[in-house]
Amino acid sequence: MKRTNKLSFSILLIFMLAFVPLSHNETPQVNATVEGSELVQQLNQLLNNNPILQGALAGVSIRDAQTGELIYDHIGDIRLRPASNMKLLTAAAALDTLGEDFRFTTELLHTGSINGSTLQGDLILKGKGDPTLLKQDFDAFAAKLKEAGIKIIHGNLVGDDTWYDDQRYSTDLSWSDESWYYGAQISALTASPNEDYDAGTVIVEVYPGEEAGKEPTVKIEPETDYLKIVNKAKTVAKGEKKDLTIERDHGTYTVTIEGEIPIDGSRSREWIAVWEPTGYALDLFKQSLADQGIKHKGKVIAAATPKGAKLLTEHQSMPLKELLIPFMKLSNNGHAETLIKEMGKVEKGEGSWEKGLEVLEEKVTKLGMNEETLVLHDGSGISHVNLIPANEISRLLFEVRDEEWFPSYLNSLPIAGITNRMEGGTLRNRMKNSNAAENVKAKTGSISTVSALSGYVTTTSGEELIFSIVLNNVINGSEGKLIVDKIATLLADQ
């Protein structure tokens, strides 16, 4: 049967639904109240006949937000790769496990004794997972030491990252992702370059040199000697094409810059993941101590805090309900994986992916999802092994509406067409000139061959709908987004 002939058989197939289970390539299930409606016809036409979806899988699940009733279903029970729609599960589980007011804590401790202005012992920076630590927070720690009258440290500067295990990458992370911010290593002691809070990364900026033939100028934010910069690039004449790459070499501390940048060209900027973030955090703290005039006479090492160490001060992160904003709006992979490990630590006594994923499965099952049909391998969705049916995502989105923390959950979702990054997030430049703008609050998802969008929509008639759209095996991801946005807009137009 040709694809173009499928729609003419829709009435017959809908009648047959009561007797024959649907396969993945048959006409969608529809609720009797919407059967034959213009919306159903538009969705069927789009899903069955759009050339972008030829050879692809399109899981579409639409529910009434008030009753949870499934009103449209196109292969909604087929397991598909969710990409960053996985974060919908992680955020819900984290809110349920840790609570809206949960804060990460970082401790500053010491061994030995303080004699006048000298610490005779080790100074210990103990991380407990905070992905939001900035250089200014290390500065604040150093300022506290100065206020306490400490000017000299006769001992080691120790970074304790043992709150979590020592696995830095989730099981399915590709080695080719490790250089980039979305594939940064996870450590209980880490640092972020700015208030996007991409933990374990630095921002590398490359500007044209003073004249053609000269090396470009390189700046790192925050300033650190933790990375080695190899600048093989050159400045070229005005008007020539910019062709520049900035990448950390696999498994090293070396960032190599290659290519050309015209003398009148704009800067190039990359968020680069560091190798071993514990050492990165320690390097920033060592700088902060020096800035306060505190001398350190010892080694810089990573080790566990010994028993009997005394607490000097501590820093607390923003509460989870606030952290959800950069996490979900900007689709921060590092936050997702940190929360997985933190849930494992809190519930199972072990900050690992294994234990954290056990908690994730338990929590989403409690929140109405069918654990028998889920394959969960990480918290961010970067894994191509994760598998979730669209109907299960929409079911979760319905069930969480009854939770006390739901307002924080809803508030964390990107909003279509709102240009402010911390409101519109990853939807800020999508569906701008449509009824979906400001009426679609949903989590985006995008990895190779996958485009997804799941969340809530208010229609022009004032009805609230829950939807999950998960496209797999799409050759062109940008075209996949167009399909996803078209479906969300169709819903908003109702």
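Let's start with a strand pair: E8 and strand E10 (residues 157-160) run parallel, joined by four bridges. Strands here are DSSP runs of at least two residues, helices of at least four, numbered from the N terminus. Two strands pair if DSSP finds at least two bridges between them. In this pair, Ile-124 sits opposite Val-158 in E10.

A word on the source. This is a predicted model, where local features need pLDDT of at least 70, side-chain atom pairs count only at pLDDT 80 or more, and totals for chains, interfaces and linings use all residues. Residues are numbered from 1 along each chain as its sequence is written, and side-chain values use heavy atoms, without hydrogens and water.

Back to E8. Strand E5 (residues 105-110) joins E8 through four bridges, antiparallel. There, His-110 faces Leu-123 in E8.

What covers E8, residues 123-126? Both faces are covered: Leu-123 and Leu-125 on one side, Ile-124 and Lys-126 on the other, are all buried. Buried means under 20% relative accessible area, with a 1.4 Å probe and protein chains only. In a regular strand the side chains alternate between the two faces of the sheet.

Next, Ser-288, in helix H5 (residues 277-291). Ser-288 is buried, at a relative accessible area of 1%. Its side chain makes a polar contact with the side chain of Asp-139, at 2.6 Å. A polar contact is a pair of N or O atoms within 3.5 Å; within protein, one must be able to donate a hydrogen and the other to accept it, and residues adjacent in sequence count only if both atoms are side-chain atoms.

Terms used: Buried means under 20% relative accessible area, exposed over 50%, partly exposed in between (1.4 Å probe, protein chains only).
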